[in-house]
Amino acid sequence: MSAPQHPFSPPPHPYANGSARPGRGLAITAMALGLLALLTALVGVFYAPPVTAVGAALGLVAVVLGIVALVLRQRRAPSVTGLAGGGAAMLVAAVAGAMAFASLATPFSELAPTAAPPGQDAEDGGSGGEGAPAVAWPANMSTGGLVFTGDGDGGIELLRSDAPHDNALPEPREASELGQGALVRVYLDYRCPFCGEFERENAQTLADAVASGAAAVELTPLTFLDRVSPDAYSSRAAGAMACVADQQPDAAWDAHAALLDPAFQPAESQAGHDDDALLAELDRATGGLGEGVRSCVEERRFTGFATALNDWVFANPVPHAADPSLTVTGTPLVLVDGVPYTGAPGDGAAFRAFLDAQGVQLPAGS
């Protein structure tokens, strides 16, 4: 006869039969989320910058789950993998965000320490004295920008002008000099995402205004985003536009639109296109580039002009602005007869309302 069981015998050990620990899948979940977060952040950096925020959020969840899994003594390897992947995703997102913020928040006085005109070296001090190294200045850009007016037949043409002499200053125009109802000036950088937003929402509005004679449009390409680009894409794109203006002015409006096409415009956090890609896109958009434009872009003939103009713009008040002290502090900066547009770049309705308030009469149905 067996001895009676002690009334206070301990319960069976919960793992005596080899059953799994509760919550073991937490470590696996942390690892999966960490790796997904890192992949998402990297895809965002190279292809769609806003997606990096999603990667950061997934990374945070992975880090929390990884810590909880370690506290609960779950599998160490997947827990640590989740922690590392999530942390790396957050770091990638933080670096990408810091680069974007720096391009917008850095005081522009640091970008343009000299007021020397485009044809003059900074060391010359703006005097235009003899011996100042000069940069090549393109034809049809005497204002420093590209001025488009109506051609009288419902089309758009670039205002023609000779290339200024060495050490010249830009010659800003007013609407009264152009025979148009108003003058819309747009300061932009071909790498600037907000400039791309403005173009997508308002390009047709501006085209209608120019073609109808309601306004002239002056586009001034800047190059300040070279500071976040190791390949000087902004300068090369602005220089390429100057090549088109100089050599093939009838193609300038289409060339400008092509450089801001969302399918082509590079994000601030990814490498810019090389010169061959620039030429291929401009060739596609314009229906064919002449040899003069091609050789000009390949030689980077006007990149020096583009960077010098950028410095001059940031070091001087905006010409003919309603507020004489107004300076360029971000892009896109859009003005109508000197009055700046303060709405969102991507709000087409707000921009049309602003044009109406400034007396720009758009064609019916535009």
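User: How many disulfides does the count come to?

Analyst: The count comes to one disulfide, a disulfide being a pair of cysteine sulfur atoms within 2.5 Å. This is a predicted model, in which local features need pLDDT of at least 70 and side-chain atom pairs count only at pLDDT 80 or more, while totals for chains, interfaces and linings use all residues. Residues are numbered from 1 along each chain as its sequence is written, and side-chain values use heavy atoms, with hydrogens and water left out.

User: Which cysteines does the disulfide join?

Analyst: Cys-243 is joined to Cys-296, with an S to S distance of 2.0 Å. Helices are DSSP runs of H or I with at least four residues, strands are runs of E with at least two, and both are numbered from the N terminus.

User: Why is the disulfide of Cys-243 and Cys-296 called left-handed?

Analyst: The disulfide is left-handed because the torsion about its S-S bond is about -75°.

User: Is Cys-243 buried or exposed?

Analyst: Cys-243 counts as buried, at 1% relative accessibility; Cys-296 is buried with a relative accessible area of 0%. Buried means under 20% relative accessible area, exposed over 50%, and partly exposed in between, with a 1.4 Å probe and protein chains only. Accessible areas come from the Shrake-Rupley method.

User: And what about Cys-192 and Cys-195?

Analyst: Cys-192 is buried, with a relative accessible area of 2%. Cys-195 also counts as buried, at 2% relative accessibility.

User: Changing topic, how many salt bridges does a search of the whole structure find?

Analyst: The search finds six salt bridges. A salt bridge is a side-chain nitrogen of Lys or Arg within 4 Å of a carboxyl oxygen of Asp or Glu.

User: What does Arg-160 form a salt bridge with?

Analyst: Arg-160 pairs with Asp-250, and their closest N and O atoms are 2.8 Å apart. The pair links distant parts of the chain, 90 residues apart: Arg-160 is in the loop between β2 (156–158) and α4 (175–178), and Asp-250 is in the loop between α6 (233–247) and α7 (252–259). Arg-160 counts as partly exposed at 42% relative accessibility, whereas Asp-250 is exposed at 65%.

User: Which side chain does Asp-275 meet in a salt bridge?

Analyst: Asp-275 meets Arg-236, at 2.7 Å from N to O. Asp-275 lies in helix α8 (residues 275–286) and Arg-236 in helix α6, so this pair ties together parts that are 39 residues apart in sequence. Asp-275 counts as buried at 13% relative accessibility, and Arg-236 is buried at 6%. A network of salt bridges links Arg-236, Asp-275 and Arg-300.

User: How far apart are Arg-284 and Glu-281 in helix α8?

Analyst: They are three residues apart, so about one helical turn separates Arg-284 from Glu-281. Their side chains meet in a salt bridge of 2.7 Å, N to O. Arg-284 counts as exposed at 52% relative accessibility, but Glu-281 counts as buried at 12%.

User: Finally, which residues gather in a patch of negative charge on the surface?

Analyst: Asp-274, Asp-276, Glu-291 and Glu-298 form that patch. Patches are made of residues with over 30% relative accessible area and no salt bridge, like charges being joined within 9 Å. Asp and Glu count as negative, and the place of a charge is taken as CG of Asp or CD of Glu. Glu-291 lies in helix α9 (residues 291–299) and counts as exposed at 56% relative accessibility.

Technical notes. Patches are made of residues with over 30% relative accessible area and no salt bridge: like charges are joined within 9 Å, nonpolar side chains (Val, Leu, Ile, Met, Phe, Trp, Tyr) within 5 Å. Accessible areas come from the Shrake-Rupley method with a 1.4 Å probe; for residues, only the protein chains shown count as cover.
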